[in-house]
Amino acid sequence: QVLSRIHLNLSGYPSRAHQKTNTFVISILMTLASFGSVVAVGYNLILAPEISLWQIGAAAVVYFGIALKYLKILIKARLHARILYQIPEKNCLGFEDSLMSFFFPWCTLMQIG
């Protein structure tokens, strides 16, 4: 919803005002895929303790891949909002957006929204 409100697509790039984006639906699907991979591995570990290492690795790749995508989107959205509202960087020049997005994602979303 935040991305749609500030007119960014799911990659964090500005979208045209008339362009309809499905960022909310796609982000929900990404969240479900991430959650599903963790639940599937946990469920298999309980029912079948002999779960193979490749299954755990595949679920970890899916989970961390989606987490990195979310972090990238959050960094780009924060950078966009900072440029839009002309907010200067004061600390950690060049790294402020990425550090704040990584360590305080909930605060970043509240500032953008």
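Tutor: What follows starts with the charged pairs and then moves to the helices, the core and the loop.

The model is predicted. A search of the whole structure turns up three salt bridges. They involve Arg78, Arg82, Glu89 and Asp97, linked in a network.

Start with Asp97 and Arg78. They form a salt bridge, and their closest N and O atoms are 2.6 Å apart. Asp97 sits in helix H4 and Arg78 in helix H3, so this pair links distant parts of the chain, 19 residues apart. Both ends are out of the solvent by the accessibility criterion: Asp97 is buried, and Arg78 is buried too.

Asp97 has another partner, Arg82. Here the closest N and O atoms are 2.7 Å apart. Arg82 lies in helix H3 and Asp97 in helix H4, so the pair ties together parts that are 15 residues apart in sequence. Arg82 and Asp97 are both buried. For Arg82 the relative accessibility is 13%. That counts as buried because the cut-off is under 20%.

Arg82 also forms a salt bridge with Glu89, with the closest N and O atoms 3.9 Å apart. That distance passes because the criterion is within 4 Å. Glu89 has a relative accessible area of 22%, which makes Glu89 partly exposed. Taken together, Asp97 pairs with Arg78 and with Arg82, while Arg82 also pairs with Glu89.

Next, the loop between H3 and H4. Gln86 is found there. Its phi is near 55°, a positive value in a residue other than glycine. Gln86 counts as exposed, at 69% relative accessibility. Cys92 lies in this loop as well. Phi of Cys92 is near 50°, again positive in a residue other than glycine. Cys92 is partly exposed, with a relative accessible area of 48%. As background, most residues other than glycine have a negative phi.

Now follow H4 onward. Its residues are 96-103, and those of helix H5 are 105-112. Two packed helices are described by the angle between their axes and the distance between the axes. For H4 and H5, the axes come within 5 Å and cross at roughly 115°. That makes H4 roughly perpendicular to H5. On the H4 side, the contact uses Met100, Ser101, Phe102 and Phe103. On the H5 side, it uses Pro105, Trp106 and Thr108. By class, this contact has five nonpolar, two polar and no charged residues.

The largest nonpolar core has eleven residues. Val2, Leu3, Ile6, Leu8, Leu10 and Met30 belong to this core. So do Ile66, Ile73, Ala77, Ala81 and Ile112. Helix H1 (2-5) and helix H3 (53-84) each supply at least two of its residues. H3 gives the most, with four residues.

Lys69 is another H3 residue. Lys69 is partly exposed, with a relative accessible area of 26%. Not counting residues up to four places away in sequence, Lys69 touches Leu10, Ser11 and Met30. Two of these contacts, Leu10 and Met30, are with members of the core. Lys69 and Leu10 are 59 residues apart in sequence, yet 9.3 Å apart in space, C-alpha to C-alpha.

One last stop is helix H2. Its residues are 23-47, and Val39 is found in it. At 40% relative accessibility, Val39 counts as partly exposed. Val39 and Gly57 are 18 residues apart in sequence and 14 Å apart in space, C-alpha to C-alpha.

To return to your request: the network links Arg78, Arg82, Glu89 and Asp97. Asp97, Arg78 and Arg82 are buried, whereas Glu89 is partly exposed.

Methods. Residues numbered from 1 in each chain as written. Predicted model: local features only at pLDDT ≥ 70, side-chain atom pairs only at ≥ 80, totals over all residues. Heavy atoms only, no water. Core = buried A, V, L, I, M, F, W, Y, C linked by side-chain atoms within 4.5 Å. Buried < 20%, exposed > 50% of the residue type's maximum accessible area, 1.4 Å probe, protein only. Axes fitted to C-alpha atoms, helices over the stretch in contact; angles between N-to-C directions. Parallel < 35°, antiparallel > 145°, perpendicular 65-115°, else oblique. Contact = heavy atoms within 4.5 Å. Nonpolar A, V, L, I, M, F, W, Y, C, P; charged D, E, K, R; others polar. Salt bridge = Lys/Arg side-chain N within 4 Å of Asp/Glu carboxyl O.
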